Every structure is written in structure tokens, then in C-alpha cells.
Amino acid sequence: MATYLPLFFLKEKIGELQTALFYNFSTSVFKCPTSVINVLETDDCGQIWFCLPSDGKFINELDKEFPALLQFFKKGKSFHVRINGRAFIVNDPEQVNSIAWANPTIKNDAIQGKLMLLKVKIEFADYFEQKQKVNKAQERKEWSRVFKEMYSFIFETEYSKYSFLHAPQSNSFPGRIQYQ
């Protein structure tokens with residue numbers, strides 16, 4: 001079933017997870033290694049920004065544009081997100097300085113080659129949600145409650161359970177006690 005995930009939904013989920021595995025699917029000999037990344041920004045154009053460490057030696061040997069995969073996950077969350085898209089290495093000084101959200105340290109390190117600033121343009125997004133597991137103790141407690149209710153329904157009568165309600169008294173009305 002093909003559905004369209006709105007960008008605001010993806011931004012919210014990526015913001016909750018923040019951590020992803022980054023895969024480079026370039027066919028080049030020199031390519032960015034598979035890495036664990038932390039998202040710096042997800043902008044309104046559908047681009048996910050992050051950094052990788054770099055020594056600056058081989059940055060010019062790398063492809064400036066290549067296919068990539070980001071798999072977002074976080075322990076304890078009941079969902080994960082997979083993003084396929086085009087990754088771009090951003091190291092042009094004019095382009096780096098025009099980034100509004102980046103702080104000066106990131107900009108300087110990206111220009112000097114101390115780190116590699118990348119953006120992935122989202123092409124396809126997959127959202128996976130796991131069903132909540134029921135605790136064994138909760139499951140046993142629920143079944144116990146069901147069996148007790150069935151037993152009381154079959155073998156006990158209203159008169160035996162609530163005999164004090166049915167004793168004739170002056171100015172009394174029939175009532176019911178509910179347990180929740």
C-alpha cells in the first residue's frame with residue numbers, strides 16, 4: 001500500500017529518534033563509511049543535515065552526490081524510520097556560510113575539512129511501528145479477571161452477592177454496586 005508521509009510527521013519522528021545508521025551506496029572506490037550519525041537539522045525542503053568526522057585528505061576524492069540510506073532507531077521507542085535519498089557533501093565555503101541554522105564552529109570546521117557536512121534529500125520514507133507487547137503478568141491478571149467474572153455469572157446470583165440490598169426496609173430502593 002503506497003501512502004504519502006507528510007514532512008511534518010517525518011520531522012517529528014526524526015526529531016524523537018535523532019540517531020541513524022548512514023549507508024553510502026556509491027560505486028566509487030573512495031566513499032564515506034557506514035556510520036552512526038546524529039541529526040543536526042531537518043529542514044523544510046526535506047533535507048536531513050548531519051556531520052561526519054574527516055581528516056580533510058580524501059574529501060576531494062569522494063563523490064559529491066551519491067545514493068544513501070538512513071535508518072533511524074532508538075532503544076525504547078516502538079517505531080523506526082528508514083529514509084532513502086540522495087546525499088550531498090557540502091564543503092563549498094559560500095554554500096556552508098549560507099546555512100542559517102549552523103553555528104560558526106560547524107561552519108569553520110566544514111570549510112577547513114575537519115568535518116564533513118552532509119545533507120540527504122528525502123526521496124522515499126518508510127515508517128514502521130511495532131505492536132506493544134503485553135506483559136505476561138498483565139496477561140495472566142486479565143485472564144484471571146475474565147474467569148472470575150464468568151464463574152460469578154454462572155454460579156452466583158445477585159441475591160447471594162448483595163443480600164443486604166434486598167432486605168426489606170422502609171423507604172429503600174433497589175440499587176446496584178459497581179466495581180471498576
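In which helix is the place of Phe 155? In this predicted model, Phe 155 belongs to helix α4, which covers residues 136-155. With a relative accessibility of 57%, Phe 155 counts as exposed, and it takes part in a nonpolar surface patch of about 730 Å², to which Trp 143, Phe 147, Met 150, Tyr 151 and Ile 154 also contribute.

Elsewhere in the chain, strands β1 and β2 run antiparallel and are joined by four bridges; in one of the pairings between them, Ala 20 has Ile 37 of β2 as its bridge partner. In a regular strand the side chains alternate between the two faces of the sheet.

The loop between α1 (7-17) and β1 (19-24) contains Gln 18. Most residues other than glycine have a negative phi. Gln 18, although not a glycine, has a positive phi of about 65 degrees, and its relative accessible area of 31% makes this residue partly exposed.

Cys 32 counts as buried, at 4% relative accessibility, while Cys 45 is exposed, with a relative accessible area of 52%.

Methods:
Residues are numbered from 1 along each chain as its sequence is written. This is a predicted model: local features need pLDDT of at least 70, side-chain atom pairs count only at pLDDT 80 or more; totals for chains, interfaces and linings use all residues. Side-chain values use heavy atoms; hydrogens and water are left out. Helices (H or I, at least four residues) and strands (E, at least two) are DSSP runs, numbered from the N terminus. Buried means under 20% relative accessible area, exposed over 50%, partly exposed in between (1.4 Å probe, protein chains only). Patches are made of residues with over 30% relative accessible area and no salt bridge: like charges are joined within 9 Å, nonpolar side chains (Val, Leu, Ile, Met, Phe, Trp, Tyr) within 5 Å. Accessible areas come from the Shrake-Rupley method with a 1.4 Å probe; for residues, only the protein chains shown count as cover. A salt bridge is a side-chain nitrogen of Lys or Arg within 4 Å of a carboxyl oxygen of Asp or Glu. Two strands pair if DSSP finds at least two bridges between them.
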